[in-house]
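Visitor: Before we begin, may I ask you to explain the grounds for each term you apply to this structure?

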Amino acid sequence: RFSHCGNRMTTAQAFPKAFAVWFKDLKLWSPSSFFSVKWHWPAEYIKPLSAALRRKQVEIDKKQTPCDALQLVTLHFDGVVAPRDLRGKKNFKGKLFRANAGDVIYSKIDVRNGAIGIVPDEMPEVAVSSEYPVYEVDKSIAIPHY
C-alpha cells in the first residue's frame with residue numbers, strides 16, 4: 001500500500017493499470033490470461049467454444065490398417081493441416097486416432113503458438129498421434145470453418 005497525504009491508497013488507485021492476483025487463484029502463469037474481452041454481442045450468439053465441440057477418440061487399429069495406408073498429418077502454427085512425411089518408415093510408435101474433414105485438432109504443446117486447425121475438405125480422413133486431440137463440431141451450433 002502507498003501512503004498519500006495521510007490517507008491509505010492501494011496500488012490499483014495509485015497505478016490504475018496495475019492489478020494483483022493471489023497465487024492460489026492462478027490457472028495459468030501468463031499475465032494475459034487475467035484479461036477478458038468485453039463482447040457486445042447478445043449471449044445467444046456468443047457461447048463458449050466447448051458448446052460447439054465434442055471430443056472424438058476413434059483409435060486406429062494399426063494391425064488392421066498399415067501405416068502406409070494412412071494419411072498422417074501435422075499442424076503448423078498458422079493452423080494449416082499438412083500431410084506428414086514419415087520418411088520411409090513403415091510403422092508409427094504410439095497410438096493413432098482418426099479425424100475427418102471439418103474436425104478441429106490442436107497441438108497440446110503448441111496451441112499457445114496458434115497450432116489449432118480444421119481438417120480440410122481435401123483430406124476426408126486423416127490420422128493423428130495422441131499429441132493432437134480431435135473434436136467434432138456440432139453443425140447445429142457452429143459452422144466448422146468459422
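Guide: Two strands pair if DSSP finds at least two bridges between them. Strands themselves are DSSP runs (E, at least two residues), helices are runs of H or I with at least four, and both are numbered from the N terminus. The model is a predicted one, in which local features need pLDDT of at least 70, side-chain atom pairs count only at pLDDT 80 or more, and totals for chains, interfaces and linings use all residues. Residues are numbered from 1 along each chain as its sequence is written, and side-chain values use heavy atoms, with hydrogens and water left out.

Visitor: How do you know that S7 and S10 pair?

Guide: Two bridges join S7 and S10 in the antiparallel sense; at least two are required, so the pair qualifies. Isoleucine 105 has valine 134 in S10 as its bridge partner.

Visitor: What makes S3 a partner of strand S10?

Guide: S3 and S10 (residues 134–137) share four antiparallel bridges, and the bridge partner of lysine 56 is valine 134 in S10.

Visitor: What joins strand S7 to S8?

Guide: Three bridges link S7 (residues 104–106) with S8, and the two run antiparallel. Here isoleucine 105 stands opposite glycine 117 in S8.

Visitor: Why are S3 and S8 called edge strands?

Guide: The open sheet has four strands in the order S3-S10-S7-S8, with antiparallel pairing. Strand S3 (53–56) and strand S8 (116–118) each pair on one side only. Neighbouring strands of this sheet are turned by 30° against each other on average, direction ignored; the axes are lines fitted to C-alpha atoms, and angles run from 0 to 180 degrees between N-to-C directions.

Visitor: Which elements does the protein have?

Guide: There are one helix and 10 strands, in the order β-β-α-β-β-β-β-β-β-β-β from the N terminus on.

Visitor: How many of the residues count as buried?

Guide: Buried means under 20% relative accessible area (1.4 Å probe, protein chains only); 25% of the 146 residues count as such.

Visitor: What makes a space a pocket?

Guide: On a 1 Å grid over the protein atoms alone, a pocket is an open set of points where a 1.4 Å probe fits, with protein on both sides within 12 Å along at least five of seven lines; lining residues have an atom within 4 Å of a point. The largest pocket has a volume of about 530 Å³, the volume being the space filled by probe spheres set on the points. Its lining comprises 18 residues, of which Leu49, Ala52, Ala142, Ile143 and Tyr146 lie nearest its centre. S8 gives the most to this lining, with three residues.

Definitions and conventions. Buried means under 20% relative accessible area, exposed over 50%, partly exposed in between (1.4 Å probe, protein chains only).
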